[in-house]
Amino acid sequence: MTNVYENELLVEQYLLFHYGTAEDQLPYRHGPKEALFYPVRCVSEFLPPIGAVARALDLGCAVGRSTFELSRWATEVIGIDLSRAFIAAANRARESGRVKIRRQEEGDLTTEFTRELPQELDRERCRFEVGDATDLREDIGQFDLVLAANLIDRVKSPIKLLSSFSTLARPGCHLILSSPYTWMEEFTPKSNWIGGRYNADGTAESTLDGLKKVLTPDFDHLRTTDLPFLIREHARKFQWSIAQATMWRRK
Ligand SMILES: C[S@@+](CC[C@H](N)C(=O)[O-])C[C@H]1O[C@@H](n2cnc3c(N)ncnc32)[C@H](O)[C@@H]1O
């Protein structure tokens with residue numbers, strides 16, 4: 001199966017989603033402004049009560065904004081993504097501190113501009129790697145914070161991903177999961193969905209139920225909240241979603 005996240009159009013879309021200003025993304029009187037800056041909010045919503053940490057891991061980091069945001073709190077941050085094109089874009093941002101964005105307008109029309117990363121982000125603390133979040137290199141070590149935003153419904157085996165958190169997170173350390181639970185067989189065979197389906201006895205199993213079932217042996221469930229996000233496809237078409245974010249602490 002070809003990886004949709006290698007597609008140049010998606011790289012452009014994600015660069016805008018991660019690094020565009022409010023005006024770049026939604027230059028209208030209308031629209032859900034509170035859904036902007038999701039990759040920033042995945043960190044700012046949770047980190048203040050946790051405070052400074054040593055090592056953080058951003059799984060499915062895409063073009064890297066949450067990884068950079070984690071550098072406000074962590075002395076070392078690793079961002080991992082399966083897409084070479086996304087990681088190449090994240091590395092360009094890391095090296096230069098700026099991103100060139102080509103925004104889709106309508107049809108073939110595009111607009112190009114450059115945006116700077118916030119000065120106070122410590123890019124030196126961040127490293128990006130191409131890798132499979134469900135099959136990480138053995139020497140990756142343990143982390144004080146693991147973030148997986150919009151990833152669990154994009155991997156082949158969510159159970160494999162969730163099971164890996166027990167060894168990745170040090171005891172007492174935190175896990176942040178956020179996802180709109182858009183289960184699609186294109187990414188995850190239905191037999192592997194951890195929720196969003198009916199059990200054999202006809203009872204409904206939500207993804208939150210599934211997460212609790214898999215994670216509670218090793219994690220305490222601390223918090224659940226809604227995190228809206230907006231991805232601009234072109235000037236007059238947007239994807240508006242409301243992710244459910246959960247926070248967990250390793251026992
Ligand atoms: C929906 S995007 C979300 C990206 C980013 N966290 C965000 O919130 O903008 C899903 C990301 O997961 C990556 N991905 C999919 N399967 C993966 C895997 N097995 N390991 C690592 N990354 C994966 C994709 O390449 C893509 O960048």
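Tutor: Helix H1 (residues 8-19), helix H6 (84-96) and strand S3 (98-106) each put at least two residues into the lining of the second largest pocket. Helices (H or I, at least four residues) and strands (E, at least two) are DSSP runs here, numbered from the N terminus. This is a predicted model, where local features need pLDDT of at least 70, side-chain atom pairs count only at pLDDT 80 or more, and totals for chains, interfaces and linings use all residues. Residues are numbered from 1 along each chain as its sequence is written, and side-chain values use heavy atoms, with hydrogens and water left out.

The second largest pocket has a volume of about 250 Å³. Of its 15 lining residues, Glu-12, Leu-15, Arg-92, Lys-100 and Ile-101 lie closest to the centre. A pocket, on a 1 Å grid over the protein atoms alone, is an open set of points where a 1.4 Å probe fits, with protein on both sides within 12 Å along at least five of seven lines; lining residues have an atom within 4 Å of a point. The volume is the space filled by probe spheres set on the points, which are joined across faces, edges and corners. By class, this lining splits into seven nonpolar, one polar and seven charged residues. (Ala, Val, Leu, Ile, Met, Phe, Trp, Tyr, Cys and Pro count as nonpolar, Asp, Glu, Lys and Arg as charged, and the others, Gly among them, as polar.)

Now for the other pocket. H1 turns up again, giving the most to the lining of the largest pocket, with five residues. That pocket comes to about 1,100 Å³ and has 46 lining residues, with Tyr-5, Asn-150, Leu-151, Arg-154 and Phe-187 nearest its centre. Its lining divides into 23 nonpolar, 14 polar and nine charged residues.

The ligand takes up the space of the largest pocket; sitting there means more than half of its atoms lie within 2 Å of the grid points. H1 also supplies the largest share of the shell around the ligand, three residues. As for polar contacts (pairs of N or O atoms within 3.5 Å), the side chain of His-18 has an N or O atom 2.8 Å from a ligand oxygen. A polar backbone atom of Gly-60 is 2.7 Å from a ligand nitrogen, and a backbone N or O atom of Ala-133 lies 2.8 Å from a nitrogen of the ligand.

Note on methods:
Polar contact = N/O pair within 3.5 Å; in protein donor to acceptor, adjacent residues only side chain to side chain.
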